[in-house]
Amino acid sequence: MLMNREDIAALIPHSGAMCLLDGVVSWDASAIRCVASSHRALDNPLRSRDRLGAVCGVEYAAQAMATHGGLTAGGSRPAAGYLASLRDLVCHVARLDDVAEDLTIDAEKLMGEGDRVIYGFAIRAGAVDLLTGRAAVVIDAGGSS
């Protein structure tokens with residue numbers, strides 16, 4: 001792995017159990033691949049009623065996007081980013097907590113101009129798609145990070 005959980009937590013605004021990613025497997029200027037096992041954790045902060053709904057995978061993808069933003073900015077913490085919209089979101093499963101395999105989170109920067117970025121993302125377990133979609137992110141929308 002190129003980065004571990006502690007490295008990621010130093011790069012994104014999430015820490016403790018809210019840092020959901022375990023590591024970065026690969027990345028370049030346009031894409032990142034991360035792995036996670038926290039979907040099975042009983043103390044996952046996104047769990048509700050002892051379940052982790054598939055839509056919670058959006059947060060896994062958002063953390064991968066933030067990590068990518070930091071890495072492409074030279075390894076510094078990126079400015080705050082906010083999910084402005086989700087498009088073509090498909091949950092191929094109802095929940096993530098019952099997925100036995102680790103998650104693979106792929107995020108690809110499709111376009112970016114100024115403070116707006118669009119990523120495509122996919123979360124898989126092995127070769128099985130669990131969640132796919134696109135996210136529009138506004139960077140530093142409040143004028144400060």
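Hi everyone, a quick word on what we have. This is a predicted model, where local features need pLDDT of at least 70, side-chain atom pairs count only at pLDDT 80 or more, and totals for chains, interfaces and linings use all residues. Residues are numbered from 1 along each chain as its sequence is written, and side-chain values use heavy atoms, with hydrogens and water left out.

Let's start with the sheet. Helices (H or I, at least four residues) and strands (E, at least two) are DSSP runs numbered from the N terminus, and two strands pair if DSSP finds at least two bridges between them. Here seven strands make an open sheet in the order E1-E2-E3-E5-E6-E7-E4, with antiparallel pairing. Its edge strands are E1 (3–4) and E4, each of which pairs on one side only.

Now walk across the middle of it. E3 and E5 are joined by six antiparallel bridges, with alanine 31 opposite glutamate 108 in E5. Glutamate 108 also has a bridge partner in E6, namely glycine 120. E5, residues 103–113, and E6 pair antiparallel over nine bridges; aspartate 106, for instance, has alanine 122 as its partner in E6. Two residues separate the strands of this E5 and E6 hairpin, and glycine 114 takes a positive phi near 60° there.

On to the next pair. E6 and E7 pair antiparallel over 10 bridges, with valine 117 facing valine 137 in E7. They too form a hairpin with two residues between them, and glycine 126 in the turn has a positive phi of about 65°.

How many of the 10 residues of E6 are buried? Seven are, so E6 is largely enclosed by the rest of the structure. For the cut-offs, buried means under 20% relative accessible area, exposed over 50%, and partly exposed in between, using a 1.4 Å probe and protein chains only. Back to arginine 124, then, which lies in E6: its relative accessibility is 26%, so it counts as partly exposed. Arginine 124 and arginine 95 are 29 residues apart in sequence and 12 Å apart in space, C-alpha to C-alpha.

Next, helix H2. H2 is mostly covered, with 12 of its 16 residues buried, among them Tyr60, Met65, His68 and Leu71. Just after H2, glycine 74 has a positive phi of about 90°.

That brings us to the core. A nonpolar core is a set of buried Ala, Val, Leu, Ile, Met, Phe, Trp, Tyr and Cys residues joined through side-chain atoms within 4.5 Å. The largest one has 33 residues, and Leu21, Tyr60, Met65, Leu103 and Ile105 touch the most other members. Helix H1 (5–11), strand E3 (31–36), H2, E5, E6 and E7 each supply at least two residues of this core, and H2 gives the most, with six.

A pocket is an open set of points on a 1 Å grid over the protein atoms alone, where a 1.4 Å probe fits, with protein on both sides within 12 Å along at least five of seven lines; lining residues have an atom within 4 Å of a point. The volume is the space filled by probe spheres set on the points, which are joined across faces, edges and corners. The largest pocket comes to about 530 Å³. It is lined by 23 residues, and the closest to its centre are Ala66, Ala79, Gly81, Val137 and Ile139. H2 (57–72), E4 (81–91), E6 (116–125) and E7 (128–139) each give two or more residues to the lining, and the largest share, eight residues, comes from H2. The lining divides into 13 nonpolar, seven polar and three charged residues, where Ala, Val, Leu, Ile, Met, Phe, Trp, Tyr, Cys and Pro count as nonpolar, Asp, Glu, Lys and Arg as charged, and the others, Gly among them, as polar.

Last, some backbone angles. Most residues other than glycine have a negative phi. Aspartate 50 has a positive phi of about 65° although it is not a glycine; it sits in the loop between E3 and H2 and is exposed, at 63% relative accessible area. Aspartate 88, in strand E4, has a positive phi near 50° and is exposed too, at 54%.
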